[in-house]
Every structure is written in structure tokens, then in C-alpha cells.
Amino acid sequence: AVAALGLGRWVRVGKPMPHFSGPKKDMVWRMTPLLFISGSILCGVTIPEVFYDALYYHLGLSHQYFLRGELVAMPGVLHSAFPAYLGLFFGALYEIGGTTLPKLFVGLCYIALVIPLFTFARQEFPDYGKTLPLLASFALLSAPAFALMATMTALAIPLTLLALLYVQALSQALRASPEALNRWLFLAATIGGLMAGTKYTGLYLPVAGTLTFFLWRKDIFKTRVVLTVQHLLLVLLIASPWYVRNWINFKNPFHPALSHWFGENPAALQATANLAKDIAHHEFTPEGLLSLLQNLFWTYEGLGSGAEIGHLFALLALLALFGALRNAQLRPWFGLCGFYLLLWACFAQNTRFIYPILGVLALLGVRELLSLGANRQPIQIAAFIIVGGFSLYNYTNFLGFANAYYNRNVSAMDTVLGQVSSDEYLRKNLRYYEGAQWAKENLSPDAQL
């Protein structure tokens with residue numbers, strides 16, 4: 001009745017529209033699809049965690065550290081040697097709020113990706129206004145496997161957020177005055193150190209960023225060398241506790257990776273064999289690299305879970321390359337992506353490990369697409385249709401992936417609505433759940449399986 005009276009009153013006074021005193025109305029409408037995508041991601045927060053890496057590694061190992069009161073390195077558990085700054089943070093969230101709180105943190109990191117995308121675009125490409133970061137945000141957030149990872153307690157999304165913050169600090173360092181330079185390099189190194197202290201592959205971006213700074217910073221050679229070395233040393237210093245720990249325990253700071261460089265041991269051999277099952281093995285030759293890029297951007301074969309980033313990124317990568325050849329402004333950032341991909345191709349060919357540079361690739365590709373359409377309205381319309389169409393297609397794929405992943409033997413929605421208990425949901429969706437519950441109830445805390 002109140003709604004009916006209010007509607008009648010609104011019609012009688014001429015149907016006035018609300019006055020937007022905050023964000024502009026057109027920006028609100030533009031952001032609505034992003035909010036819609038993000039809402040779908042946050043729905044996954046309420047579903048019990050079933051991601052194996054989260055239960056065993058990101059949460060499981062951190063939980064063991066909290067139970068034991070120390071950071072134990074277990075030779076038979078290969079991930080116990082991995083860096084774990086964010087892993088410990090996940091563990092703390094788990095101790096406070098179960099699996100829901102870490103998943104919420106990852107979901108919020110996913111939504112927060114829009115902020116550095118907008119600020120970096122405004123900083124580097126101000127002539128393109130809000131259109132560039134908006135379309136790049138659509139491209140990144142709608143990537144099917146990327147969006148699915150945002151519903152799990154996985155490192156990939158927080159590392160992508162840290163990577164965009166690192167790139168933004170590096171951008172400031174490249175153009176900073178001598179008085180402000182050290183401040184921006186210190187900030188970039190702090191973020192890079194946190195990444196390197198979270199995952200071995202977190203080293204890739206600081207190393208690529210160091211090369212980018214050295215090549216594109218306009219300064220005398222000797223000064224660039226000193227600043228570059230200082231930056232990289234600070235990154236390594238911040239991440240060093242994990243690598244020193246591995247040297248003490250295994251005589252290999254990167255255990256079990258690179259064991260052929262630091263001396264073989266049985267644990268490293270077994271662990272390396274386990275790791276190799278989740279990565280591709282293209283040879284580091286021109287033919288091998290071309291085949292790897294085809295798999296990465298088109299076929300998604302043999303590149304681990306989370307490989308389906310959508311064919312839009314194949315187009316964006318080609319546009320970024322074309323733009324870098326045409327425009328010197330894009331070269332530092334395309335160079336950064338190129339250095340990163342070379343490191344990735346050398347050591348760990350798994351698509352999840354390139355997520356940190358997808359935001360930069362999206363910005364470069366969309367920027368070139370808009371540049372080609374400058375003063376040509378049909379091309380600009382085509383750009384919106386291409387990015388929007390691919391994003392919509394990607395989003396439907398994400399929904400399909402999420403449905404298959406979370407509704408294996410029982411509906412996740414039934415669990416969210418309270419019709420099926422979390423215990424029953426896990427029992428029917430995780431083959432090892434009953435065995436783990438039995439072990440928890442019947443074995444001593446010191447038992448090892």
C-alpha cells in the first residue's frame with residue numbers, strides 16, 4: 001500500500017528523477033555490469049571450500065603451523081617449503097572465521113582490481129578517460145577461469161592485485177624526480193618482496209620490473225645500475241626469511257624447484273615429479289615458445305587448472321604487440337610483460353602463474369583498440385561490441401564452470417539456503433572427506449598419513 005501511494009505521488013508530481021550528487025549517472029550505469037559480475041563472485045563465498053590447493057596448501061598447511069606453533073618444514077609435504085606470507089594471512093583468517101573469511105578476502109581482492117586498473121590508466125593514458133580502464137576491467141574480470149579462481153581461497157587473485165599495485169609504483173618511479181624516486185622504488189620493492197615471499201613465481205614480476213626500470217628510466221647509466229641493484233636487493237631482503245629457511249633445511253633456497261642446481265635429494269626428486277604434473281613442458285626454442293603461446297591464449301592444453309582465460313586475451317595480446325611497435329609509450333609495459341613471460345616460459349608453464357600481468361595486457365590491448373578508433377566512431381562502437389561481446393561470452397563460460405565445479409553431486413545452492421548441511425555437501429563432493437574426518441576423530445595429532 002505504501003509503495004502504491006508513493007508511486008501515485010511520483011506520477012502526479014511529474015516523475016522526477018533522482019539527483020546524483022556523488023558519482024555521475026553515466027559512470028554508475030557503466031559500472032553496473034562490473035558490479036553484477038562481482039556479485040556472482042561473492043555468491044561463491046558462502047559455499048564451503050572444495051578447492052584442493054586451498055584445503056591442503058593455503059589453509060591446511062597454515063592451520064598445521066598454527067596448531068604446532070612453528071613453521072615446520074616437512075620433507076614429504078612439498079608445499080611446506082614454499083614461501084607463505086599470504087598463506088599465513090589466509091591461515092589467520094581461517095582460524096578466525098573458518099573457510100568463509102579467506103574466500104571473502106579473495107572475493108574483495110577481485111573487486112578491488114578495478115581500482116589500480118583505473119588509477120594506472122589515468123596515470124599512463126589520461127587521454128582515454130574512463131573508457132579504457134572500464135573495458136580493460138571487463139576483459140580481466142570476465143576471464144572465465146580467472147573469475148572462478150576468485151571464488152576460492154587461491155593466491156592467484158591477491159597476487160594479481162599486488163602486481164597491479166607494483167606496476168603502478170614502478171610507473172611512478174620511471175617518471176619521478178630524483179627527490180621522490182627512492183620513495184617510489186622502496187614502495188615497489190616492498191610490494192615485490194611481499195609477492196616473492198608469497199610464492200616462488202612471485203619473483204617474476206620484481207625481476208621483470210627491475211629490467212624495465214633499468215632500460216626505460218631516463219638517468220645516467222651508473223645511477224640506473226645502483227638504483228636497479230638496490231631495488232632488487234630490497235625485494236630479496238623482504239622475501240629472504242623463506243629462502244634462508246629453505247637453505248638451512250634443504251641446502252636449496254628454492255626447494256624443491258631448481259634442485260638440479262643445488263644438489264639432488266630424494267625429497268626434491270619426488271616433489272619435483274609431483275610439481276611437473278601440473279605444468280606444461282614446451283621447449284625453450286622458437287617453435288616451442290610459439291606452441292606455448294598458442295596453448296596459453298587459444299587451446300589451453302596442459303597448462304594446469306585455471307587455464308581458460310578466454311580468447312579475448314589472444315586479441316588483446318596481439319593488439320598490445322602492435323601498439324608497442326607503433327608507440328614508444330607502450331614499450332616499457334609491453335617489455336615488462338615480455339620479460340615476465342620469458343621467465344614464466346623458462347620455469348613454470350602454468351596459466352595461473354601469468355595472472356599477475358593479465359591486467360597490464362588488458363590495458364595495453366584495449367588502449368591500442370581505442371587508439372585505432374580515434375576520431376572514427378564506427379571503430380569505437382566496434383571496440384565496445386568486441387570487448388562487451390567477448391566479456392559476456394566469457395561470463396557465461398564462467399557460470400558454466402562454476403556450475404560444474406560446485407554442483408558435482410549435490411547443489412551448492414541447497415547448502416547456501418540451509419537445505420543441505422555443509423558436512424553433507426563436503427561428504428558428497430570430496431572423495432577424501434570421510435577418510436579425513438575418520439583420521440581427525442581416531443588418530444593422534446602426531447600421526448602422519
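A salt bridge here is a side-chain nitrogen of Lys or Arg within 4 Å of a carboxyl oxygen of Asp or Glu, and helices are DSSP runs of at least four residues, numbered from the N terminus. With those two terms in hand, the tour can start; note that the model is predicted.

**Whole chain**

The C-alpha trace spans about 75 × 70 × 45 Å along the principal axes. Of the contacts with a separation of 6 or more, 72% join residues 24 or more positions apart.

**Helix α22**

Select R427 and D423. Their side chains form a salt bridge, with 2.7 Å from N to O. The two residues are four apart in helix α22 (residues 422-429), so about one helical turn separates them. R427 is partly exposed at 30% relative accessible area, and D423 is partly exposed at 31%.

**Other salt bridges**

The structure holds eight salt bridges. Go next to D53 and R352, where the closest N and O atoms are 3.6 Å apart. This pair links distant parts of the chain: D53 lies in helix α3 (residues 52-58), R352 lies in the loop between α18 and α19 (355-372), and 299 residues separate them. D53 is partly exposed, at 22% relative accessibility, whereas R352 is buried at 11%.

Then select R326, R367 and E368, which are linked in a network of salt bridges. Between E368 and R367 the closest N and O atoms are 3.6 Å apart. E368 is buried, with 0% relative accessibility, and R367 is buried as well, with 5%.

**The interior**

Buried residues make up 49% of the 449 residues. Select W344 and Y406: of the 131 residues in the largest nonpolar core, these two touch the most other members. Helix α10 (residues 156-175) contributes the largest share of this core, 13 residues. Display the surroundings of W344; among the residues it touches are Y204, L292, L296, L303, F353 and I354.

Move to helix α7 (residues 114-124). Eight of its eleven residues are buried, so the helix is largely enclosed by the rest of the structure. The buried ones include V114, L117, F118 and F120, along with Q123 and E124.

Now pick H231 in helix α13. H231 is buried, at 4% relative accessibility. Its contacts beyond four places in sequence are Y166, L185, A188, A189, P206 and T210.

Next is G335, in helix α18 (residues 331-347). G335 is buried, with a relative accessible area of 14%. It touches T212 and W216, leaving aside residues up to four places away in sequence. Draw a C-alpha distance from G335 to G209: it is 9.2 Å, although the two are 126 residues apart in sequence.

**A nonpolar patch on the surface**

Finish on the outside. Select V244, W247, I248, W261, F262 and F347, which form a nonpolar patch with about 650 Å² of accessible area together. Helices α13 (221-250) and α14 (259-262) each supply at least two of the patch residues, and α13 gives the most, three. F262 sits in helix α14 and is partly exposed, with a relative accessible area of 30%.

Technical notes: Residues are numbered from 1 along each chain as its sequence is written. This is a predicted model: local features need pLDDT of at least 70, side-chain atom pairs count only at pLDDT 80 or more; totals for chains, interfaces and linings use all residues. Side-chain values use heavy atoms; hydrogens and water are left out. Patches are made of residues with over 30% relative accessible area and no salt bridge: like charges are joined within 9 Å, nonpolar side chains (Val, Leu, Ile, Met, Phe, Trp, Tyr) within 5 Å. Accessible areas come from the Shrake-Rupley method with a 1.4 Å probe; for residues, only the protein chains shown count as cover. Buried means under 20% relative accessible area, exposed over 50%, partly exposed in between (1.4 Å probe, protein chains only). A nonpolar core is a set of buried Ala, Val, Leu, Ile, Met, Phe, Trp, Tyr and Cys residues joined through side-chain atoms within 4.5 Å. Contact means heavy atoms within 4.5 Å.
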